[in-house]
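Student: Please take me through the structure shown below, one question at a time.

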Amino acid sequence: MDKEKIIAKITSRYPGKEIIIDPPGAVDPAEIIVELEPTSQHPGHSLALAVVGKSTPHYHKKTTEIYEAVEGIVKIDIEGKEVVLQPGEKVTINPKQLHHAEGNKAWFLTHSRPGWTFEDHIVWDSIVDAIEKSWSAQSSFLPNEWSNDNPARGQCAVTALIVQDELGGEIVKCDVFGDKDSHFFNKLSGGQIIDLTKRQFDNHAALKHKRVADREKILSHPGTQERYERLRAAVELSL
């Protein structure tokens with residue numbers, strides 16, 4: 001992305017508007033954003049223009065966004081499903097839907113309700129990093145088998161609960177052939193599978209008999225509520 005050329009073009013079209021480089025200070029940024037109607041002027045909605053190379057996967061807990069292509073072709077990944085926008089076409093992204101945009105210097109508008117805020121823009125990698133750093137023997141269903149060499153061991157149920165807190169969707173339970181226990185992972189509303197703890201098993205373990213699990217039933221298992229709350233608190237502290 002030709003950063004200086006794009007900034008000059010934006011400045012000529014929208015003089016006086018704040019320009020945001022993502023990530024800050026990058027020579028080849030993932031996105032260049034200009035706030036056309038910022039949230040500070042009307043908290044109920046905002047409007048921004050983005051020029052994108054490839055944005056970072058993220059989601060919003062409160063905000064509904066509408067992406068509207070302006071120049072070039074924009075590819076939007078929403079929970080693993082690709083939507084291709086030509087100029088003038090739009091797509092709606094609901095709260096808790098994991099998404100990112102990609103384009104060859106494509107321009108698109110982002111209509112947000114309520115208005116976009118930094119606090120509601122949650123980068124998925126930061127959540128994953130916080131979860132993985134927070135795993136411990138105290139949050140594991142199998143504390144005697146937990147170790148720094150296999151930190152995901154026994155963390156599947158509580159991790160799946162936290163992922164569901166953040167992204168919604170279903171928790172899936174399955175049997176593990178080659179291991180003595182059940183396993184839990186997440187299936188988002190769009191069908192994308194997120195399994196942060198599968199690596200606890202060796203390469204020969206096979207996941208069979210997959211079925212949707214009830215959240216309350218998972219939490220009713222002895223010790224799970226406490227382990228979930230312990231991990232949830234550690235993740236929030238890490239963030």
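**Strand pairing, burial and cysteines**

Student: Which residue of β9 is the bridge partner of Ile 76?
Tutor: Strand β9 covers residues 99-113 and pairs with β6 in the antiparallel sense over four bridges; pairing requires at least two DSSP bridges, and strands are DSSP runs of E with at least two residues, numbered from the N terminus. This is a predicted model, in which local features need pLDDT of at least 70 and side-chain atom pairs pLDDT 80 or more, whereas totals for chains, interfaces and linings use all residues. Residues are numbered from 1 along each chain as its sequence is written, and side-chain values use heavy atoms, without hydrogens or water. In β9, the bridge partner of Ile 76 is Ala 101.

Student: Which residue takes a positive phi in the hairpin of β6 and β7?
Tutor: β6 pairs with β7 (residues 81-85) in the antiparallel sense over five bridges, and Asp 77 has Glu 82 as its bridge partner in β7. Two residues lie between the strands of this hairpin, and the positive phi, near 55°, belongs to Glu 79.

Student: Within what arc do the buried residues of α5 fall?
Tutor: α5 is a helix (a DSSP run of H or I of at least four residues), and its 15 residues, 224-238, should span 21 Å at 1.5 Å a residue, in agreement with end C-alpha atoms 21 Å apart; the expected span is 1.5 Å times one less than the number of residues. The buried residues of α5 are Thr 224, Arg 227, Tyr 228, Leu 231, Arg 232 and Val 235. They line one face of the helix, because the directions from the helix axis to their C-beta atoms fall within an arc of 130°.

Student: How far from the sulfur of Cys 156 is the nearest cysteine sulfur?
Tutor: The whole structure has zero disulfides, a disulfide being a pair of cysteine sulfur atoms within 2.5 Å. Cys 156 is in no disulfide, and the nearest cysteine sulfur, that of Cys 174, lies at 8.2 Å.

Student: What is the relative accessibility of Cys 174?
Tutor: Cys 156 counts as buried at 8% relative accessibility. Cys 174 also counts as buried, with a relative accessibility of 0%.

Technical notes
Buried < 20%, exposed > 50% of the residue type's maximum accessible area, 1.4 Å probe, protein only.
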